[in-house]
Amino acid sequence: MAVEYLAYFIPFYLIAVIMYVVRALKGPTIPDRVLAIDCLGYVLATFLVIFSVYLKSPLIIACAIVLALWIYALDVYMSKYLEKRELGE
Amino acid sequence: MSSMDLNLILTIISYILIGIGAFCQVVAGIGMNRFPNFFVRLHASTICAIGGSFVPIIGCSILALTLEEFGPSRFFLAGAGFVTAIFIVLLAPVGSHLLAKAAYFSKAAVLHPKVADLLEEDIKKGEVRESTV
């Protein structure tokens with residue numbers, strides 16, 4: 001009933017996705033690209049939650065929790081690689 | 001107050017939160033393209049994580065709580081949404097800090113339009129050693 005109006009908010013998120021992709025492709029240094037990919041991950045997690053409410057499907061939202069943890073793992077691994085030039089074991 | 005009124009109020013609050021999230025995402029996207037270097041772009045990343053991701057996920061969870069025709073699995077939707085929001089609000093600043101520290105000390109990001117770099121002056125004066133920061 002009240003869920004249909006969620007569709008009006010989707011284009012704003014898509015515009016933001018396009019701008020983050022531009023920065024991720026163009027970014028002059030490695031940390032810029034990692035930062036843009038972090039933001040892409042957060043937009044994707046928000047998208048998953050919004051779609052699971054919009055489509056009324058509880059299966060989709062389980063991916064969002066795992067995605068939030070993977071973004072943190074990407075940050076930790078990239079900072080370790082930048083400082084030590086290795087990924088560790 | 002009847003249950004119908006409470007549902008209407010919660011729906012309006014959740015749509016306001018999702019609207020704030022959409023606005024913050026667009027602002028963060030513009031900032032990500034317009035800011036000059038990496039350390040200023042961290043600001044846009046924070047707007048994206050907290051204003052653009054934490055706030056609308058809370059809004060979606062509140063919206064899922066009001067869907068009474070959806071049955072008991074609406075509590076699963078709302079709970080998983082709250083857990084995701086708490087993960088994001090705890091882990092996004094930690095990740096940004098780690099990345100900024102690594103980018104500063106490995107000199108991977110150039111600080112081109114440089115206004116002030118107080119940490120570099122402190123390291124030069126010997127007040128802060130580079131290995132302990």
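A residue is buried if 20 or more other C-beta atoms, placed from the backbone, lie within 10 Å of its own, exposed if 12 or fewer do, and partly exposed in between.

Lys107(B) is exposed, with 10 other C-beta atoms within 10 Å. This lysine sits in the loop between α3 and α4 (118-125) of chain B. Its phi is positive, about 55°, although Lys107(B) is not a glycine. Now chain A. Lys56(A) also has a positive phi, near 55°. Lys56(A) lies in the loop between α2 and α3 of chain A. Lys56(A) is partly exposed, with 17 other C-beta atoms within 10 Å.

A word on the model. It is predicted: local features need pLDDT of at least 70, side-chain atom pairs count only at pLDDT 80 or more, and totals for chains, interfaces and linings use all residues. Residues are numbered from 1 along each chain as its sequence is written, and chains are lettered from A and ligands numbered from 1 in the order in which they are written. Helices are DSSP runs of H or I, at least four residues, numbered from the N terminus.

Next, the interface. How many residues of chain B are in contact with chain A? The count is 49, against 45 residues of chain A. Contact means C-beta atoms, placed from the backbone, within 7 Å. On chain B, α1 (3-34), α2 (38-65) and α3 (73-105) each supply at least two residues of that side. The largest share, 17 residues, comes from α3(B).

Let's take the helix pairs. Axes are lines fitted to C-alpha atoms over the stretch in contact, and angles run from 0 to 180 degrees between N-to-C directions. Helix α3 (62-84) of chain A packs on α3(B) at about 10°, with axes 9 Å apart. These two are therefore roughly parallel (under 35 degrees).

Then α2 (30-54) of chain A and α1(B). Their angle is about 165°, and their axes are 12 Å apart. So α2(A) and α1(B) are roughly antiparallel (over 145 degrees). Which residues meet there? Ala36(A), Cys39(A), Val43(A) and Thr46(A) meet Gly21(B), Gln25(B), Ala28(B) and Met32(B).

Last, α1(B) itself. Its buried residues include Ser14(B), Ile18(B), Gly21(B) and Met32(B). The buried residues of α1(B) pack against α1 (10-26) and α2 of chain A, together with α2 of chain B.

Key: Contact = placed C-beta atoms within 7 Å. Parallel < 35°, antiparallel > 145°, perpendicular 65-115°, else oblique.
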